[in-house]
Amino acid sequence: MDEYRATNRANWDDRAAAHAVAPSYHVDRLVEDPDALSEVVAFDAPYLGDVAGLDLLHLQCHIGTDTLSWAKLGAHVTGLDFSAASLAQARAIADRMGVAAEWVEAEFYDAPAALGGRQFDVVYTGVGALCWLPDIAGWARV
């Protein structure tokens, strides 16, 4: 399991810089247009309803485009990811946007301890995140 996690983390570390400039992530649009949202959040937002003023935790946040989209909708956001390179990109994008966010580097399964037992109004995981996890039952417990 440790080898799988190390390989997976290295994979996401390698992808972070490329994803920050990839057309499919629309980072420039998110930065330049105050009303623009990531495609995933634009799809999910109607199902979650109004998040303004809520504390939202985004697990497996990668480069933070979805996390920052929730912030644009008024949530107080915390993004958690195990990739330091991904979080570096998330911080840079947040700075470019002028959007406040907290970023926590931790393995998903260590999230409760890494977050100091904090509680959130919404815990969010975007589309495509679960397939990277080796222990779905453990995910559900977290």
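1. His-62 sits in the loop between S1 and H4, where helices (H or I, at least four residues) and strands (E, at least two) are DSSP runs numbered from the N terminus. With a relative accessibility of 9%, His-62 counts as buried; here buried means under 20% relative accessible area, exposed means over 50%, and partly exposed lies in between, with a 1.4 Å probe and protein chains only. The backbone of His-62 has a positive phi of about 55°, although the residue is not a glycine. Gln-60, found in the loop between strand S1 (55-59) and H4, likewise has a positive phi, near 55°, and is a residue other than glycine.

2. A word on the basis of these values: this is a predicted model, in which local features need pLDDT of at least 70 and side-chain atom pairs count only at pLDDT 80 or more, while totals for chains, interfaces and linings use all residues. Residues are numbered from 1 along each chain as its sequence is written, and side-chain values use heavy atoms, with hydrogens and water left out.

3. Turning to the overall fold, the protein contains seven helices and four strands, which follow one another along the sequence in the pattern α-α-α-β-α-β-α-β-α-β-α. Its radius of gyration is 14 Å, close to the 14 Å that the globule rule gives for 142 residues, so the protein is as compact as a globular protein of that length; the radius is taken over C-alpha atoms, and the rule is 2.2 Å times the number of residues to the power 0.38. Along its principal axes, the C-alpha trace spans about 40 × 30 × 25 Å.

4. Of the 142 residues, 43% count as buried, and among contacts with a separation of 6 or more, 67% are accounted for by residues 24 or more positions apart, a contact being heavy atoms within 4.5 Å. The accessible surface of the protein comes to about 7400 Å², with 54% of it belonging to carbon and sulfur atoms.

5. The largest nonpolar core has 24 residues, and those with the most contacts inside it are Leu-56, Leu-68, Trp-70 and Trp-103; such a core is a set of buried Ala, Val, Leu, Ile, Met, Phe, Trp, Tyr and Cys residues joined through side-chain atoms within 4.5 Å. Two or more residues of this core are given by each of helix H1 (2-21), helix H3 (39-48), helix H4 (65-72), helix H5 (84-97) and strand S4 (122-124), and the largest share, five residues, comes from H5. Apart from this core lies another, of 11 residues, among them Leu-80, Val-104, Phe-108 and Ala-111.

6. Helix H4 deserves a separate look, since it is mostly covered, with seven of its eight residues buried; these are Thr-65, Asp-66, Thr-67, Leu-68, Ser-69, Trp-70 and Ala-71. Leaving out residues up to four places away in sequence, Leu-68 touches Ala-90, Ile-93, Ala-94, Met-97, Val-99, Ala-101 and Trp-103. Just after H4, Gly-74 takes a positive phi of about 100°.

7. Ala-101 lies in the loop between H5 and strand S3 (102-105) and, at 27% relative accessibility, counts as partly exposed. Once neighbours within four places in sequence are set aside, Ala-101 is in contact with Leu-68 and Val-77. From Ala-101 to Pro-112 the separation is 11 residues in sequence and 18 Å in space, C-alpha to C-alpha.

8. Helix H1 holds His-19, which counts as buried at 15% relative accessibility. Ala-18 and Gln-89 are 71 residues apart in sequence, and their C-alpha atoms are 10.0 Å apart in space.

Definitions and conventions: Areas by Shrake-Rupley, 256 points an atom, 1.4 Å probe, with all protein chains shown as cover.
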